[in-house]
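Work through the exercises below with the sequence and the 3D structure at hand. Try each task before reading its solution.

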Amino acid sequence: MKFLVTVALALALLTLESVLVKQAGLELGRIDVTVVLVAFLALRATLVEGSISAFSVGYLLDLMSGQPTWLYTFLAVFIFLVGRLVPTFVEVRGALAFALFSMAADVGHSLLVTFFTWLTVKEDGPGSQLAEMPLQVALTGLAALALFPLLRRFEASQERPAGLLR
């Protein structure tokens, strides 16, 4: 059930992101709501459930972005797997810590996207993408702060009560 909720939420957030970015006039900038979802999955989901959900979220972003095929799918699963290592070193419980974690994940994600895009598309250098990264990371942090209560509510609604059927 978490998988279906995550995919539906990713589709709704990607649609909302594309409208907000267009209305704000940020033609090159993005708000990486998918990185926020993958970061939350890395902290709260099981390995199989989270990797399948991250794969699906990345695939949706691949479909909507027009970038080289499978780029965002690979990076979503990679960010999920790397993000699973973070709780062994740092405690990420509150909204502010989650926002900082999402921003760090977005920096890694953006650097990898820039690198792989530079490898495959030789038109522009990575300078334009790197110049807009601080704005993108800041917007992703704000999105993480706004989405944290919603994601926690979805997580709480997915927990099953203890009983015989468990």
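This is a predicted model: local features need pLDDT of at least 70, side-chain atom pairs count only at pLDDT 80 or more; totals for chains, interfaces and linings use all residues.

**Exercise 1.** Which residues of α4 are buried, and which helices do they pack against?

Solution. 
- Step 1: buried means under 20% relative accessible area.
- Step 2: in α4 the buried residues are L71, Y72, T73, L75, A76, V77, I79, F80 and G83.
- Step 3: these residues pack against α2 (33-44), α3 (47-65) and α5 (95-120).

**Exercise 2.** Describe the chain over two of the spans that the unreviewed UniProt entry annotates as "transmembrane region", 33-61 and 133-151.

Solution. 
- Step 1: residues 33-61 are 93% helix and 0% strand, with end C-alpha atoms 10 Å apart.
- Step 2: residues 133-151 are 100% helix and 0% strand, and their end C-alpha atoms lie 25 Å apart.

**Exercise 3.** Which residues form the nonpolar patch on the surface, and is L4 buried or exposed?

Solution. 
- Step 1: the patch consists of F3, L4, L47, V48, I52 and L81, with about 550 Å² of accessible area together.
- Step 2: α1 (2-24) and α3 each supply at least two of its residues; α3 gives the most, with 3.
- Step 3: L4 lies in α1. L4 counts as exposed because its relative accessibility is 55%, and the cut-off for exposed is over 50%.

Terms used
Residues are numbered from 1 along each chain as its sequence is written. Side-chain values use heavy atoms; hydrogens and water are left out. Buried means under 20% relative accessible area, exposed over 50%, partly exposed in between (1.4 Å probe, protein chains only). Helices (H or I, at least four residues) and strands (E, at least two) are DSSP runs, numbered from the N terminus. Contact means heavy atoms within 4.5 Å. Patches are made of residues with over 30% relative accessible area and no salt bridge: like charges are joined within 9 Å, nonpolar side chains (Val, Leu, Ile, Met, Phe, Trp, Tyr) within 5 Å. Accessible areas come from the Shrake-Rupley method with a 1.4 Å probe; for residues, only the protein chains shown count as cover. A salt bridge is a side-chain nitrogen of Lys or Arg within 4 Å of a carboxyl oxygen of Asp or Glu.
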